[in-house]
Amino acid sequence: MATYNIKGGVGKTSTAVNIAYFAARDGLRTLLWDLDPQGSATYLFRVRPEVKGGGNALVSGKRTLDDGIRGTDFRQLDLMPADFSYRNLDLDLDSTKRPTDRIRRLIAPLKKDYDLVVLDCPPSVSLVSENVVHACDVLLVPLIPAMLSVRTYDQLIDFVDTMPGRKPQVVGFLSMVDRRKKAHRELAERLPNDHASVVPEAIPNRVVIEQMADERAPVPAFAPASSATAAYEALWARVQSCLTDGG
């Protein structure tokens with residue numbers, strides 16, 4: 001599965017990190033691949049953002065993902081770190097045969113070692129994002145509760161629909177929801193009814209999520225009783241059902 005949005009700052013990385021944590025907690029051998037050159041997920045897991053040979057070595061076949069995977073502090077959860085060279089990943093991919101399918105082929109050999117691979121993707125419409133769409137079974141899309149965000153989501157749906165080849169199940173959900181605000185409450189109630197691909201599970205706007213950067217850990221690891229933990233766990237249950245029975 002992958003967390004993705006055309007826009008940045010909508011909660012992709014926090015979602016990827018917490019979903020990966022819950023998957024590993026539930027016994028799935030889980031790998032999180034931080035594809036964003038900013039390396040936020042890598043930072044949260046206290047791993048150095050460096051891949052020997054960079055993204056070019058991976059997509060060219062000089063190195064495999066196995067060469068770069070690192071363990072985390074959490075059982076059953078491994079990390080493929082970010083690398084600043086990923087900023088050139090579009091160019092690296094474009095130089096290969098079948099450039100929109102390269103990430104899927106890199107992941108394929110890991111099926112013997114992992115039950116779930118989570119891709120944390122950079123914001124953009126690019127060759128990397130095309131690769132991600134081809135590689136994943138579920139595309140998890142966080143939306144902030146604003147109409148412009150919904151418009152961007154509709155553009156993303158169109159982008160996926162017009163792509164050739166295999167397509168993932170797109171699952172949208174609201175992120176950074178402040179239920180003290182009438183507009184947020186109304187959109188949270190209306191959007192799942194208006195868009196069949198948007199689920200009712202929503203992530204609240206909580207300080208504890210921002211504290212992930214200070215604690216350098218998933219929310220459930222340091223705030224297990226928080227409402228944010230409960231929200232991410234509910235979202236993970238939804239994602240798990242999509243992965244196992246097609247939603």
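Me: What should I know about the model before I start?
Reply: It is predicted: local features need pLDDT of at least 70, side-chain atom pairs count only at pLDDT 80 or more, and totals for chains, interfaces and linings use all residues. Residues are numbered from 1 along each chain as its sequence is written, and side-chain values use heavy atoms, with hydrogens and water left out.

Me: In what order do the strands of the sheet come?
Reply: The open sheet has eight strands, ordered E3-E4-E2-E5-E1-E6-E7-E8, with mixed pairing. Strands (E, at least two residues) and helices (H or I, at least four) are DSSP runs, numbered from the N terminus. Two strands pair if DSSP finds at least two bridges between them.

Me: Which are the edge strands?
Reply: E3 (70-71) and E8, each of which pairs on one side only.

Me: And how do E3 and E4 run, parallel or antiparallel?
Reply: Antiparallel, joined by two bridges. Arg-70 stands opposite Leu-79 in E4. Their hairpin has five residues between the strands, and Gln-76 there takes a positive phi near 70 degrees.

Me: What about E2 and E4?
Reply: E2 (residues 30-34) and E4 (residues 77-80) run parallel, with four bridges. Leu-32 has Leu-79 as its bridge partner in E4.

Me: Switching to H9, where does it bend?
Reply: At Ala-188, by about 25 degrees, and Pro-192 follows within four residues. The bend is the angle between axes fitted to the seven residues ending there and the seven starting there.

Me: Which residues of H9 are buried?
Reply: His-184, Leu-187, Ala-188, Leu-191 and Pro-192. Buried means under 20% relative accessible area (1.4 Å probe, protein chains only).

Note on methods: Buried < 20%, exposed > 50% of the residue type's maximum accessible area, 1.4 Å probe, protein only.
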